[in-house]
Amino acid sequence: MRRVALVTLVVDDYDEAIRFYTEALGFRLVEDTPRSDGSRWVVVRPDDREGGTDLLLARAKGEAQRTRVGKQTGGRVGFFLHTDDFARDHARMLGAGVTFLEEPRHEPYGSVAVFQDLYGNRWDLLQPAD
């Protein structure tokens, strides 16, 4: 079996990114390990289940990486957070201060709304249709 296990998300600051992903989005902190070069290996997961795709929160190093924070996909939705209860998660995220860029839509493929993370990366909150 093969799968994408980890995706890197370039961030400005480890601790503010951890707070956003764990508190505002409800992710779980899987690992936060200091490395010898002063960086940290920080992994968050949307839920308790293993086998999905985790996020590696990597602090930007150098100007080239710093200019990509929040713009990793050129303004397109680049990340898709699936849920089994759109209304619950949408309400919780709004209450936590997450910025949604549109009202929820009900499409043939499911219920969806675009939101942005603390750096401006665009995400879909999506409950796929049955």
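This briefing walks through the main features of the structure, topic by topic. The model is predicted.

- Strands β2 and β3 (residues 40–45) run antiparallel and are joined by 6 bridges.
- L29 has V44, in β3, as its bridge partner.
- In a regular strand, side chains alternate between the two faces of the sheet.

**The β2–β3 hairpin and its loop**

- The hairpin of β2 and β3 has 5 residues between the strands. G38 in this hairpin takes a positive phi near 95°.
- S39 also has its place in the loop between β2 and β3.
- S39 is buried, because its relative accessible area is 4% and the cut-off for buried is under 20%.
- The side chains of S39 and D37 are joined by a polar contact of 2.5 Å.
- Leaving aside residues up to four places away in sequence, S39 touches Y14, T33, P34, R59 and K61.

**Helix α1 and its ends**

- Helix α1 spans residues 14–24. Its buried residues are Y14, A17, I18, F20, Y21 and A24.
- Y14 is also among the residues that S39 touches.
- D13 caps the N-terminal end of α1. A side-chain oxygen of D13 lies 3.1 Å from the backbone nitrogen of D15.
- G26 follows α1 and has a positive phi, near 80°.

**Aromatic residues**

- F27 lies in the loop between α1 and β2 (28–34), while W123 lies in strand β9 (residues 122–128).
- F27 is buried, at a relative accessible area of 6%. W123 counts as buried too, at 4% relative accessibility.
- One aromatic cluster is made up of F20, Y21, F27, F79, F100, F115 and W123.
- Two members of this cluster, F20 and Y21, are buried residues of α1.

**Charged side chains**

- Side chains of opposite charge can pair when their charged atoms come close.
- D32 is partly exposed, with a relative accessible area of 33%.
- D15, D32 and R40 are linked in a network of salt bridges. D15 is also the residue whose backbone nitrogen lies 3.1 Å from the capping side-chain oxygen of D13.
- A salt bridge joins the side chains of D54 and R45, at 2.8 Å from N to O. Both D54 and R45 are buried.
- A further salt bridge joins the side chains of D89 and R88, at 3.0 Å from N to O.
- D89 is buried, with a relative accessible area of 14%. R88 is partly exposed, with a relative accessible area of 43%.

- D85 lies in the loop between β5 (77–82) and α3 (86–95).
- D85 is partly exposed, at a relative accessible area of 30%.
- The C-alpha atoms of D85 and V11 are separated by 28 Å. Along the chain, D85 and V11 are 74 residues apart.

Definitions and conventions. Residues numbered from 1 in each chain as written. Predicted model: local features only at pLDDT ≥ 70, side-chain atom pairs only at ≥ 80, totals over all residues. Heavy atoms only, no water. Buried < 20%, exposed > 50% of the residue type's maximum accessible area, 1.4 Å probe, protein only. Helix = DSSP H or I, 4+ residues; strand = E, 2+ residues; numbered from the N terminus. Polar contact = N/O pair within 3.5 Å; in protein donor to acceptor, adjacent residues only side chain to side chain. Phe/Tyr/Trp six-rings, centres within 6.5 Å; stacked < 30°, edge-to-face > 60°. Pairing = 2+ DSSP bridges. Salt bridge = Lys/Arg side-chain N within 4 Å of Asp/Glu carboxyl O. Contact = heavy atoms within 4.5 Å.
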